[in-house]
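Dear colleague,

I am passing on the structure we spoke about, and below it you will find my notes on what turned up when I went through it. Please read them alongside the coordinates.

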Amino acid sequence: MEKICIFTDSSADLSREQIERWNIDILPIQIEIDGKTYREYLDISPEEYWQVLLDHDDIPTTSQVKIEDFLNQYKKAREAGCTHCVGILINGKGSGTYQTANIVRDMFYEEYGKDMVIELIDSESYTYMYGNIVVEGAKLREEGKSFAEIVAVMRSRVKCTEAYLGVYSLKHLKKSGRISGGAAFVGEALGLRPISLVREGAVDVCAKVRGDKNLVPKMVEMTVQRAVDREHQTAYVMYAAVPEEQIALTEKLLKEAGFGSVERRPFGIAVPTNAGPKSIAVVFRAAPRA
C-alpha cells in the first residue's frame, strides 16, 4: 500500500493552518536582515517582513532551501515508512531550489537506493500559484487517490495556472534590478503602474496604467480575458501592504468577473522582495498550455 509524502518550499505561501490540516512538509527559504538569518514563516511573519521592506533602504538577502534540508526531508519520509514523495517547488528559472532538490535526490538514491520514489515538479511559478496545487495534491491523497493520479493532477494544474501581478511603486523594482533607475524615475513621475503576466516560468510586463485607481480594474479586465470556466473556479488574491486594494480586487473578481469564489492570502517573502510590499496579484486557472 502506498504511503505518500507531500512537500514544498515556504515560498508557496501556505498558512500554518493549511500545513497542519493537510500534513504538508515545508522547507524554509532563508533570509538575512541586518546580519541575522531568519527562516520564512518559522522566524518571521509576512507582515513583519513587509515592514522590513518599508523601513529599509537595502533589499534583504534571500537564499534557496539548503542541501541538508532536502536530504533531511527525504530521510524523514523514508524513516516514516513512505513509499512515495512528491515535491513541487518554486520556479526553476528564478531559483536554484528545484535543481538542488534533484541533485540531493540523486545523492539520496545513491546512499539508500530507490525503494522510495521521489517525484519533483517545477512549479514554473511563484507564491500561491503553486501553493494551491500543493493543497490540491494533499486533498487527493486524503481521498485515497494513487500516487500516479496525484502527480498527474498536480502537473496538469501547473500547465494551466497563471497570475497577474500589479505593482503600486517602482522603488523595489529599481532596487532589485528589474528596471533601471531612469525608467523608475520616469515611471513614478508619470504615475505608471505595471502589470505583469506570470506563466511558464516568466514574469513579463504586459500592461501599464496611470494612477493607483486604475490598476485593479485593469487587472480584472485582463483576468476575464484569460481565465476559463470562471463561475466554477476559485481565484486567489495575493497581497502585501495594500489593504484597501485587496478588498477592491476581491469584490470586482466576484461581482464583475463572475468567479465562483475568491480567497485572499498574504504574500510571503519571495514576491515582495522583488516587486516590493506595495504589490497585489490575482491567481487563476487559464486554458492549459501544451
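D34 is exposed, with a relative accessible area of 65%, and its place is the loop between β3 and β4 (36–39). Please bear in mind throughout that this is a predicted model. Although D34 is not a glycine, its phi is positive, at about 50°; most residues other than glycine have a negative phi. D229, likewise a residue other than glycine, has a positive phi near 50°, and it belongs to the loop between α9 and β11 (234–239), where its relative accessibility of 38% makes it partly exposed.

D34 also takes part in a surface patch of negative charge, in which it gathers with E32, D57 and D58. Of these, E32 sits in strand β3 (residues 30–33) and is partly exposed, its relative accessible area being 40%.

Turning to the salt bridges, a search of the whole structure finds 17 of them. One joins R157 and E136, whose closest N and O atoms are 3.9 Å apart, and it links distant parts of the chain, since R157 belongs to helix α6 (residues 147–158) and E136 to helix α5 (residues 128–142), 21 residues apart. E136 is partly exposed, at 25% relative accessibility.

Another salt bridge pairs R199 with E162, with 3.0 Å between the closest N and O atoms; because R199 lies in strand β9 (residues 192–199) and E162 in strand β8 (residues 161–167), the pair ties together parts that are 37 residues apart in sequence. R199 is partly exposed at a relative accessible area of 24%, whereas E162, at 0% relative accessibility, is buried. The side chain of R199 also meets that of E200 in a salt bridge (3.3 Å, N to O), and E200 is partly exposed at 37%. Through shared partners, salt bridges join E124, K159, E162, R199, E200, R226 and R289 into one network.

In helix α9 (residues 215–226) we find M222, which is buried, with a relative accessible area of 7%. M222 and A207 are 15 residues apart in sequence, and their C-alpha atoms are 9.3 Å apart in space.

Conventions: Residues numbered from 1 in each chain as written. Predicted model: local features only at pLDDT ≥ 70, side-chain atom pairs only at ≥ 80, totals over all residues. Heavy atoms only, no water. Patch = residues over 30% accessible without salt bridge, like charges linked within 9 Å, V, L, I, M, F, W, Y side chains within 5 Å. Areas by Shrake-Rupley, 256 points an atom, 1.4 Å probe, with all protein chains shown as cover. Salt bridge = Lys/Arg side-chain N within 4 Å of Asp/Glu carboxyl O. Lys, Arg positive; Asp, Glu negative; His and termini not counted. Charge placed at Lys NZ, Arg CZ, Asp CG, Glu CD. Helix = DSSP H or I, 4+ residues; strand = E, 2+ residues; numbered from the N terminus. Buried < 20%, exposed > 50% of the residue type's maximum accessible area, 1.4 Å probe, protein only.
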